[in-house]
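Please open the structure in a viewer and keep the selection tool at hand.

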Amino acid sequence: MSDRRLIEGRGLGAVRGERVLFRDVSISAVAGELILLRGANGSGKTTLLRQLAGLSEPQAGDVKRISAHHWIGHTNGLKAHETPRTHLQHWARVWGSDAEVGAVLERLGMTRPANVPCRMLSAGQKRRTALARLLLQPRDLWLLDEPFNALDTEGQSKLAEMIESHRAEGGAVIAALHGAAPVKASREVEL
Amino acid sequence: MTASPLFSAFRSSLSEAWASGAGLLLPLGFFAGTAALVPFTLGSDAELLSRVGPGILWLALALSSMVTLERVFQADLQDGALDLWLQDTGSISLVAAIKTLTHWLVSGFPLVLLTPLIGFMLGVSPDKMVPAMLSYALGGLVFFLWGGVAAALSASVARAGLLIALIALPLYVPALIFGVQVVDAGLESPSFLFLCACTLFALGVAPAAMGAALRLAAE
């Protein structure tokens, strides 16, 4: 693990109505790290991740994004009429990536349903399709919200393998999880 | 921002509209249905119909533009695609503008093409048809752009149809006023220039407003 810093959030805070979700949370990730955000439902894991991703303005503190990141939220970002293949082709075009979509689908075990409209896929297959976006373009930091949700055992091992290989290549992952983690974290942040 | 993400946004909006199937025909049916009801309410006096016809068509156009606006951004917010657009493109405003323009192309432009038929039914004189079609094209674009702002502002609200109407209708007024005058006074009239100005203003301001509203909706 090198000490190359990829993201740095300092003194972050969030309030919902009159309820303080979290306050004064500082979190930073260096290359090779896997940081798990832990906490009960409604403790603010997703909010913190969204603040790190720049999707929500922090109500306190600031975030310094040093490297490019991928975002996988708890919704998959899929359109009902898209197939896994057309979805990935679309985002590859948007990002100007020349990744081989067929190979990406194969790595996630999605070759067979590659041409099936997303409205007909199972929750696990939809999740795999969303996770496949991580492989379309190399980015140092992955911000993942409950990434193992809906995945079967095989899907979980594939994702765990992807995370390990991303870390080995010098990337880092910050993931919100509330269940058991099939991967070994560098550290956990409790909210 | 390069052209590639914008072209991809256009393609994706087009295929989404295509996938909605009969949904595409809703504004067209609403427009034709509203205009077709007019002779039943005003009677068959040809002179009266030809006098109020262009105004009725404008009203039908304004209302039809709102029929499908609710889902333009709401679906993106619900399925998480909005997060991806916010994350991965330089400008959500441009993407929002492309999505709205695509929406106008598939749902608004066909209304312009239907104008001669409905106009003929309402007794609009043939020499007014070209100014009418051109003004409907520009006015429709203005309606869809301001409607897009309203749709973006209410993206996180369930059953937002009424809210969209409340926000968008006041913004439609200038284009509506000048547009109706263009049909009567022709393309050489100052009203046409004012209608063009309304269109340019909407093109310049609405995308930024949509972008800001979508950022707020994603919070």
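This is a predicted model: local features need pLDDT of at least 70, side-chain atom pairs count only at pLDDT 80 or more; totals for chains, interfaces and linings use all residues.

Over all chains, the count comes to 15 salt bridges.

**First stop: between the chains.** Select B:Asp83 and A:Arg50. These residues form a salt bridge whose closest N and O atoms are 2.9 Å apart. The pair crosses between chains: B:Asp83 belongs to helix H5 (residues 81–88) of chain B, and A:Arg50 to helix H1 (residues 45–53) of chain A. B:Asp83 has a relative accessible area of 9% and is therefore buried, the limit being under 20%. A:Arg50, at 13%, is also buried.

**Second stop: within one helix.** Next, select A:Arg167 and A:Glu164. Their salt bridge has its closest N and O atoms 3.4 Å apart. Both residues lie in helix H5 (residues 153–168) of chain A, separated by three residues, or about one turn of the helix.

Now select B:Lys99 and B:Asp76, whose side chains meet in a salt bridge of 2.9 Å, N to O. This pair links distant parts of the chain, 23 residues apart: B:Lys99 is in helix H6 (residues 92–121) and B:Asp76 in helix H4 (residues 70–79). B:Lys99 is buried at 7% relative accessible area, and B:Asp76 is buried at 2%.

Key: Residues are numbered from 1 along each chain as its sequence is written. Chains are lettered from A and ligands numbered from 1 in the order in which they are written. Side-chain values use heavy atoms; hydrogens and water are left out. A salt bridge is a side-chain nitrogen of Lys or Arg within 4 Å of a carboxyl oxygen of Asp or Glu. Helices (H or I, at least four residues) and strands (E, at least two) are DSSP runs, numbered from the N terminus. Buried means under 20% relative accessible area, exposed over 50%, partly exposed in between (1.4 Å probe, protein chains only).
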